[in-house]
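Reader: I am new to this structure. Please show me how to read a few of its features.

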Amino acid sequence: MATSRAVVIGSGIGGLTAAAALYRSGWQVTVLERSASLEPVGAGISLAPNSQRALDVIGLGDEVRALAAWQGDGGMRTPSGRWLARTDSAAAAERFGGPLVLLHRAALIDLLRARLPASTVYTGTEARLVAPGRADGRRAVVRTSTGDIEADLVIGADGIGSQVRTTLFPRHPGPAYSGFTTWRVISPGLGRTFSSHETWGRGALWGSHPLKDGGIYAYAAAAVPAGARAADDEKAELLRRYGDWHDPVPGIIASVEPDQVLRHDVYHLADPLPSFHRGRAVLVGDSAHAMVPFLGQGGNQAIEDAVVLAHHVAPDGDLGAGLAAYTAARHPRTTAMVRKAAQVSRMTGLSAAPAVALRNGLMSAVSRLGPGLVLRTFHGICDWQPPQRAYAAGTREGQTTRP
């Protein structure tokens, strides 16, 4: 039986990239999203050269690179403003084959959505995997409010609280609290330029990065108990925690309204899954390997997942072998990424003065030895290459189906 129909549960970055890559390689694709719209949760996203090369596979790499705003130097600072480490955008681009691109998450969602026919994505549709099927036999079953859908392939892209993951691996302990909460904002801008930077304090950090449209993407993280929230509002909480940090941090906080500040506790899959697939169902992105954001690789790895999956599962090929190859390719890499991100989070979470002084001294010493040593941290991450550069494209408008 030829495998041809793929159902993607979830329309985040991983889900839409998977849908676009599968559609481009010949699959009949349906995307089911429980939210009423594709308006993304989250303010901005950082796309490194590895995910940009993955986006080349679906013809989006150059459009994303055109949104790059980071020029000149940047690096890491202390709350007083002292530079601990300096990096250069041109040096990073030369070493890894492309710039770091900071953009609105909504802009990336729009670009991905445009790679799919209008009839592909169904919002306001709650979907649950009820049977994963067998790769060499019966099809998978997805349940919706309008009835069951049989699928040759189901992609679980339903995030860190994934129902698909729970159905496939019910004994897995699931996500664990990382010890950090995060805030994210998009500022309209300050009317002047500044160097892109990340600032590490005692058990806290702040990042400020210019966007192509003149705005600023900023984020913060702090080591606090799970569930803690400001008694007044989260803008006031940012001012209490970061209002005396170096320029431009206070100005960025002042430039946003309280309802524009997003706050989320950070959970991750500290215990790796035994596999990323079972039967005819497969996981991508946070559903498979949610990680803390301190490497900036969560969304990047979801994009990698999507194109690697499409590479291995041809619509008329051996699905079992393809899914096994996908897990073999992605499980070791993402497991290592989850662990490395957790290691960075432990450095960020240091709060004792002697430990913070030692950390800062080491960073400063490494930076003085040369920017190449700083960039070497991202070897094996940003220099990743997709398994193939392009898929055969064709006119596909008649090949989506309604749920």
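Reader: Which backbone oxygen lies 3.2 Å from a polar atom of the side chain of Tyr177?

Author: A polar contact is a pair of N or O atoms within 3.5 Å; within protein, one must be able to donate a hydrogen and the other to accept it, and residues adjacent in sequence count only if both atoms are side-chain atoms. Here the oxygen belongs to the backbone of Phe180. The Tyr177 side chain also reaches the backbone oxygen of Val224, at 2.7 Å. The model is predicted: local features need pLDDT of at least 70, side-chain atom pairs count only at pLDDT 80 or more, and totals for chains, interfaces and linings use all residues. Residues are numbered from 1 along each chain as its sequence is written, and side-chain values use heavy atoms, with hydrogens and water left out.

Reader: What else does Tyr177 touch?

Author: Contact means heavy atoms within 4.5 Å. Leaving out residues up to four places away in sequence, Tyr177 touches Val224, Pro225, Ala226, Asp265, Val266 and Tyr267. Tyr177 sits in strand E12 (residues 176–187). Helices (H or I, at least four residues) and strands (E, at least two) are DSSP runs, numbered from the N terminus.

Reader: Is Tyr177 buried, partly exposed or exposed?

Author: Buried means under 20% relative accessible area, exposed over 50%, partly exposed in between (1.4 Å probe, protein chains only). Tyr177 has 23% relative accessibility, so it counts as partly exposed.

Reader: How many residues of strand E1 are buried?

Author: Five of the five residues of E1 (residues 5–9) are buried, so the strand is largely enclosed by the rest of the structure. In a regular strand, side chains alternate between the two faces of the sheet. In E1, both faces are covered: Arg5, Val7 and Ile9 are buried on one side, Ala6 and Val8 on the other.

Reader: Which strand do five bridges join to E1?

Author: Strands of a sheet pair through backbone hydrogen bonds, parallel or antiparallel. Two strands pair if DSSP finds at least two bridges between them. Five bridges join E1 to E2 (residues 28–32), in parallel. There, Ala6 stands opposite Val29. Four bridges join E1 to E11 (residues 153–156), also parallel. Val7 has Val154 as its bridge partner in E11.

Reader: Where is there an antiparallel sheet?

Author: E8, E9 and E10 form an open sheet in the order E8-E9-E10, with antiparallel pairing. Its edge strands, E8 (127–131) and E10 (147–151), each pair on one side only. Four bridges link E8 with E9 (residues 140–144). Leu129 has Val142 as its bridge partner in E9.
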